[in-house]
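Subject: Handing over a structure

Dear colleague,

I am passing this structure on to you, and my notes follow below it. Please have a look before reading on.

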Amino acid sequence: MLVRTATIQDLGTLVDFGKRLTQESPKFRAQGFDEDQAVKLFTYLIQGNESIFLICDEYDNPVGTLIGCLDIDWRTNHRLAFEQGVYVLPEYRASGVGCELVQYFIEWAKINNADRIQLGTISGIHADKTINLYKSLGFELIGYVLEMEV
């Protein structure tokens, strides 16, 4: 497997992954998917605006992706690296793809002088396994996310 940064040529695949994630997650499916907004945001992130968009390839075939960003923590003024999404095709889960993507993200965060890294899981897709993966890489569970439609 090869982890690399996404390019504009990957937009179609990335949008497809977004659609797949949305369909697989009951919560996301109910919220819908705005393809035009996804294309705009993905283009912005691929252009490297304090962000990284990763793809994990097997034989030039994308099988997983991770969106990561940098920002300043308002409380501490620390540089915070955070992920906005991780998706691995179902047939590649438990194959190490997610681990490779997160490890690459960790290295990117270090190179970009992040003070902390935050990962989460809100899709409802194998949250327990995802949390265990993150813990195995040195992350600690620090809280929960609650949501309400308005």
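Which residue in β4 is the bridge partner of C69? The partner is F82. This is a predicted model, in which local features need pLDDT of at least 70 and side-chain atom pairs count only at pLDDT 80 or more, while totals for chains, interfaces and linings use all residues. Residues are numbered from 1 along each chain as its sequence is written, and side-chain values use heavy atoms, with hydrogens and water left out.

Strand β3 (residues 61-72) runs antiparallel to β4, with 9 bridges between them; helices (H or I, at least four residues) and strands (E, at least two) are DSSP runs numbered from the N terminus, and two strands pair if DSSP finds at least two bridges between them. The hairpin of β3 and β4 has 6 residues between its strands, and N77 there takes a positive phi near 65 degrees.

On to β5: β4 and β5 are parallel and joined by 3 bridges, and F82 has Q118 as its bridge partner in β5.

Two further residues deserve a look, given that most residues other than glycine have a negative phi.

Best wishes
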